[in-house]
Amino acid sequence: MSTTEPVRTEAVPTGAGEARITYHRAAKPVAVLALGHGAGGGIEARDLVALAAKLPARGITVALVEQPWRVAGRRLGPAPKTLDAGWRPVAERLAGQGLPLVVGGRSAGARVACRTGAATGAVGVVALAFPLHPPGRPERSRAEELLGSGLPTLVVQSAADPFGGPVEFPELPQGHELVTVPYGSHGFEVPKRAPVGQDEVLDLICSAVGDWVLRLV
């Protein structure tokens, strides 16, 4: 018997326009993981695709969320307040479906989840490739968003991320965890010369996120 259900989409009106959820449902879900995309890309990012493919078999429904700016066909994301406005109604809808909701995303999507998670009924945050600072500008730290999420938070960070590697992160509060991904870029891309392959890195990310979500709920 299949452990997943057919993929379907749902439009959600928000104060920033229409957002879109693509559901990758588990047949017998125990939790929902909502994941947003970054500021320059969409839900086709390799880590989001891998999580949506693998976690439903473990009982975790993955909801990939496209921000209104992306649904409208624009190429670059708007200001943080607008991103938050485009996310909150989606997270609130998912939280109201009766299963524990973990919110997250990659890069800018991780920042949105950290800023809004506690207010939307989520039980935890998954921060993929959290952009701790702009490349080459460590003095412009965004650590407060991460440290102030108010929820248990898993950070999955590449060792070579120019937006901030794991060694640059401050001491995390109780309930926060940091997983280091070897060799990867900000997009978790592995160079050909690395002793681990791309599939291995994606498997590591999926295992870490899946294990953490199931422990949490």
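## Cavity

The largest cavity has a volume of about 80 Å³. The model is a predicted one, and it holds one cavity of 30 Å³ or more. Lining this largest cavity are Gly36, His37, Gly38, Ala39, Val65, Gln67, Trp69, Leu83, Trp87, Ala108, Gly109 and Val112. Two elements give two or more residues each to that lining: helix H3, which covers 80–95, and helix H4, which covers 108–116.

Helix H4 supplies three residues, the largest share of the lining. Sorted by class, the lining of the largest cavity consists of seven nonpolar and five polar residues, with no charged residues.

The largest pocket has a volume of about 180 Å³. It is lined by 13 residues, of which Ala39, Leu83, Ala108, Arg111 and Arg142 are the closest to its centre. The elements that contribute two or more residues to the pocket lining are H3 and H4.

H4 gives the most to the lining of the largest pocket, namely four residues. By class, the pocket lining divides into eight nonpolar, two polar and three charged residues. Ala39, Leu83 and Ala108 are named among the residues closest to the pocket centre, and Ala39, Leu83 and Ala108 are also among the residues that line the largest cavity.

The structure contains eleven salt bridges. In one of them, the side chains of Arg20 and Glu66 meet with an N to O distance of 2.9 Å. Arg20 belongs to strand E2 (residues 17–24) and Glu66 to strand E4 (residues 60–66), so this pair links distant parts of the chain, 46 residues apart. Arg20 counts as partly exposed because its relative accessibility is 30%, whereas Glu66, at 11%, counts as buried.

Another salt bridge joins Arg215 and Glu177, whose closest N and O atoms are 3.3 Å apart. Arg215 is in helix H6 (residues 198–216) and Glu177 is in strand E8 (residues 176–181), so the pair ties together parts that are 38 residues apart in sequence. With a relative accessibility of 56%, Arg215 counts as exposed. Glu177 has a relative accessible area of 34% and is therefore partly exposed.

Arg115 and Asp84 form a salt bridge in which the closest N and O atoms are 2.9 Å apart. Arg115 lies in helix H4 and Asp84 in helix H3, and the pair links distant parts of the chain, 31 residues apart. Arg115 counts as partly exposed, at 27% relative accessibility. Asp84 is buried, since its relative accessible area is 8% and buried means under 20%.

A network of salt bridges links Asp84, Arg111, Arg115 and Glu145. Arg111, a member of this network, is also one of the residues closest to the centre of the largest pocket.

## Aromatic contacts

The count of aromatic pairs comes to zero. The largest cavity has Trp69 and Trp87 among its lining residues.

How values were computed. Residues are numbered from 1 along each chain as its sequence is written. This is a predicted model: local features need pLDDT of at least 70, side-chain atom pairs count only at pLDDT 80 or more; totals for chains, interfaces and linings use all residues. Side-chain values use heavy atoms; hydrogens and water are left out. On a 1 Å grid over the protein atoms alone, a cavity is a set of points where a 1.4 Å probe fits but cannot get out, and a pocket is an open set with protein on both sides within 12 Å along at least five of seven lines; lining residues have an atom within 4 Å of a point. Grid points are joined across faces, edges and corners, and a volume is the space filled by probe spheres set on the points. Ala, Val, Leu, Ile, Met, Phe, Trp, Tyr, Cys and Pro count as nonpolar, Asp, Glu, Lys and Arg as charged, and the others, Gly among them, as polar. Rings of Phe, Tyr and Trp (its six-membered ring) pair if their centres lie within 6.5 Å; planes under 30 degrees apart count as stacked, over 60 as edge-to-face and the rest as tilted. A salt bridge is a side-chain nitrogen of Lys or Arg within 4 Å of a carboxyl oxygen of Asp or Glu. Buried means under 20% relative accessible area, exposed over 50%, partly exposed in between (1.4 Å probe, protein chains only).
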